[in-house]
Amino acid sequence: MTSRQTPSPFGPLARSRFRKAGMLASLTLVLATGVVSPTATAAASVSDDKPTAAQQGGKDCRPSKPRSAAESYVPDTKPKPKDKCKGATGATGATGPRGATGATGATGATGATGTGATGATGATGSTGATGAGTCTDIDASQDSNNFELRAALTPPVMGAPARAYAGIRDLTSGSTNDFLWSDLSDNQDYPQDACGISIAQHSQGMQGEGDVRIDVITVTGAIYETSCAVVTSDRTLTCNQEWELVNRQPAPGQENGGIDLTP
């Protein structure tokens, strides 16, 4: 047998108002007791005056499906879908002020010292001119028991040339036997570049006076000579002769010869 429902004596409009009144009465009862359950909250959000899809952003912008009371206590771990109801992006704001300069970092460690290759040896410089040296010399001679002779060459001083001296010492008296010196540098034609000296007593005269020869050699190798006379009475020298180049000068490769420099 087919059962039939008894038709409602209320029309559609009356039924809608009845449902709204029942919901309002239920919500009032819940608020009065101070208990708000998820079910009651969900019921309170139901209304016939729902906004249309066009008001929320078109056909693609629909309200999210309400979650049940059980789903409200379960964490939502699903990825969130892209929000289609998001409005247009606003204009980019102005650039903010420049931040303060950061603190200077710590100094890095010193790098390893590199070792460069040794440079090539420089060329040997040219040989300088030969210097005159100290030009200091002394010589001695004694052919008599009465006196002895010396010749001395002192070095240049303050730009002045080396100076030549002849000396004699008496050996007969009981005195202190001091040397007596005569400066030969003031004699005529004295070589200003003299650098070595010698002395020799070569003869004695009838009066006991002998001739003494003094020679010097220059820095260039030229040889000059002069002479002094010995006064035996008082053991002194008389030295007033000029200087002269010796006849023939030594030269390389010579044997019993030499270079003649006389005019």
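Predicted model: local features only at pLDDT ≥ 70, side-chain atom pairs only at ≥ 80, totals over all residues.
Some overall figures. The protein has 263 residues, and 20% of them count as buried. Its accessible surface comes to about 20,400 Å², with 54% of that belonging to carbon and sulfur atoms. If you take contacts between residues at least 6 apart in sequence, 40% of them join residues at least 24 apart.

Now the cysteines. How many disulfides does the structure hold? There are 2.

I will take C135 and C195 to begin with. Their sulfur atoms are 2.1 Å apart, and they form a disulfide. C135 sits in the loop between α3 (53–56) and β1 (137–141), while C195 belongs to strand β5 (residues 194–204), so this pair ties together parts that are 60 residues apart in sequence. The link is left-handed, with -90 degrees about the S-S bond. Are these two cysteines buried or exposed? C135 is buried, at a relative accessible area of 5%. C195 is partly exposed, at 21%; the cut-off for buried is under 20%.

The other disulfide is formed by C228 and C239, with sulfur atoms 1.9 Å apart. C228 is in strand β7 (residues 223–231) and C239 is in the loop between β8 (236–238) and β9, and the two are 11 residues apart. Here the torsion about the S-S bond is about 120 degrees, so this disulfide is right-handed. C228 is buried, with a relative accessible area of 3%. C239 is buried too, with a value of 15%.

Next, an aspartate. D215 lies in strand β6, which covers residues 210–218. D215 is buried and has no salt bridge. Which side chain of opposite charge is nearest to D215, and how far away is it? It is R213, at 7.0 Å. A salt bridge would need the charged atoms within 4 Å. Leaving aside residues up to four places away in sequence, D215 touches G196, I197, S198, I223, Y224, E225 and V246.

Last, the surface. L245, I259 and L261 make a nonpolar patch of about 230 Å². One of these residues, L261, is in the segment after β9 (244–245). L261 is partly exposed, with a relative accessible area of 43%.

That is what I have for today.

Key
Residues numbered from 1 in each chain as written. Heavy atoms only, no water. Helix = DSSP H or I, 4+ residues; strand = E, 2+ residues; numbered from the N terminus. Buried < 20%, exposed > 50% of the residue type's maximum accessible area, 1.4 Å probe, protein only. Lys, Arg positive; Asp, Glu negative; His and termini not counted. Contact = heavy atoms within 4.5 Å. Patch = residues over 30% accessible without salt bridge, like charges linked within 9 Å, V, L, I, M, F, W, Y side chains within 5 Å. Areas by Shrake-Rupley, 256 points an atom, 1.4 Å probe, with all protein chains shown as cover. Disulfide = S-S within 2.5 Å.
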